[in-house]
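Try each task before you read its solution.

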Amino acid sequence: MTISGEFFAFMGLALVAIIGGVLLLNLNKVVHMVVALIFTFVSIAGIYILLSAEFVAAVQILIYSGAITIIMLFGIMLTKPYDDESESKGGKWKKILLFLGVIGFAFAVYVGIYNFPIEQVPSALHENNTMEIGKAIYTKFIIPFELVSVLLLAALVGAIILAKREDKEADKE
Amino acid sequence: MSSVPASAFLALALILFCIGLFGALTKKNTVIVLISIELMLNAVNINLVTFSKYGMAPSITGQVFALFAMAVAAAEAAVGLAILMALYRNRKTVNIDDMDTMKN
């Protein structure tokens with residue numbers, strides 16, 4: 001690992017992403033948690049640029065830091081704010097055991113990926129990235145692409161039907 | 001050629017996945033649980049994009065797959081929020097410990 005600008009960019013972005021995640025776990029107010037997560041999403045977009053995936057980075061900023069964050073803020077503001085302060089019974093032990101379990105999982109996977117022998121082959125992913133993605137989607141992945149549009153339509157209709165007020169309630173008001 | 005090894009990206013994805021997993025299992029507010037699940041999906045996307053650049057046969061397929069995963073994640077977030085709204089109208093709570101109708 002040589003010291004270079006790319007290395008510093010990676011370290012900075014990774015640090016911001018992890019700090020955002022840790023703040024998500026530790027802040028008290030729900031809105032603050034969502035705002036902390038925006039930092040994580042934006043720095044993950046930077047990581048995508050380091051991995052020569054410019055189009056995915058743009059989509060990440062649009063979808064995650066834009067749409068999903070706003071939709072979650074709507075969800076928080078339309079419901080009564082419930083801040084994570086009261087501990088339920090046995091909550092502390094549950095948290096400690098879960099923490100140990102997650103650490104164990106992380107250690108197991110880390111042993112697998114530590115010094116994972118990946119040979120680097122020069123790639124041309126950064127040249128005409130968006131055009132290449134478009135070509136791949138409209139030739140090799142045309143059927144999954146159309147299926148995604150059906151899925152989005154189904155999700156749209158389903159979300160509207162689920163969130164719609166019941167007819168009886170609407171008549172009363 | 002990149003100066004950052006692939007293991008570093010995989011380790012970052014692992015850390016973010018673990019944060020999301022811990023948040024999804026411990027948080028009480030259902031909205032935060034949904035957001036933690038989004039964080040886990042994001043970590044998986046980092047893995048997909050990493051393997052599309054490194055390895056013996058770098059190709060664009062990993063990035064296309066990450067885009068599909070994002071579309072599914074957006075649909076999941078919208079439907080999850082709609083279910084949360086319906087539940088909040090009926091039960092007046094977003095505390096995940098109170099949603100135990102099927103337990104009794």
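## Exercises on a predicted two-chain model

**Exercise 1. Describe residues 96–117 of chain A: how much is helix, and how far apart are the ends?**

Solution. Start with the ends: their C-alpha atoms are 34 Å apart. Next, take the make-up: 82% of the span is helix and 0% is strand. Keep in mind that this is a predicted model. Now check the record. An unreviewed UniProt entry lists 96–117 of chain A under "transmembrane region", along with 6–27, 34–51, 57–76 and 137–163. Then take residues 57–76 of chain A. That span is 100% helix and 0% strand, with 26 Å between its end C-alpha atoms.

**Exercise 2. Find which helix gives the most to the side of chain A that touches chain B.**

Solution. Begin with the totals: 72 residues of chain A are in contact with 66 residues of chain B. On the chain A side, α1, α2, α3, α4, α5 and α6 each supply at least two residues. Of these, α3(A) gives the most, with eleven residues. Finish with the classes. The chain A side has 55 nonpolar, twelve polar and five charged residues.

**Exercise 3. Decide how α3(A) and α3(B) run: roughly parallel or roughly antiparallel?**

Solution. Locate the helices: residues 54–78 of chain A and residues 61–91 of chain B. Their axes come within 11 Å and cross at roughly 10 degrees. Angles under 35 degrees count as roughly parallel. Therefore α3(A) and α3(B) are roughly parallel to each other. Now look at the contact. Among the residues that meet are V59(A), I63(A) and I71(A) from α3(A), and L67(B), M70(B) and L81(B) from α3(B). By class, this contact has 16 nonpolar, two polar and no charged residues.

**Exercise 4. Repeat the test for α3(A) and α2(B): roughly parallel or roughly antiparallel?**

Solution. The axes are 11 Å apart, and the angle is about 170 degrees. Angles over 145 degrees count as roughly antiparallel. So α3(A) and α2(B) are roughly antiparallel to each other. The contact includes Y64(A) and M72(A) of α3(A), with L34(B) and E38(B) of α2(B). Its residues divide into nine nonpolar, two polar and one charged.

How values were computed: Residues numbered from 1 in each chain as written. Chains lettered and ligands numbered in written order. Predicted model: local features only at pLDDT ≥ 70, side-chain atom pairs only at ≥ 80, totals over all residues. Axes fitted to C-alpha atoms, helices over the stretch in contact; angles between N-to-C directions. Helix = DSSP H or I, 4+ residues; strand = E, 2+ residues; numbered from the N terminus. Parallel < 35°, antiparallel > 145°, perpendicular 65-115°, else oblique. Contact = placed C-beta atoms within 7 Å. Nonpolar A, V, L, I, M, F, W, Y, C, P; charged D, E, K, R; others polar. UniProt positions renumbered as here; feature names shortened; annotations may be inferred.
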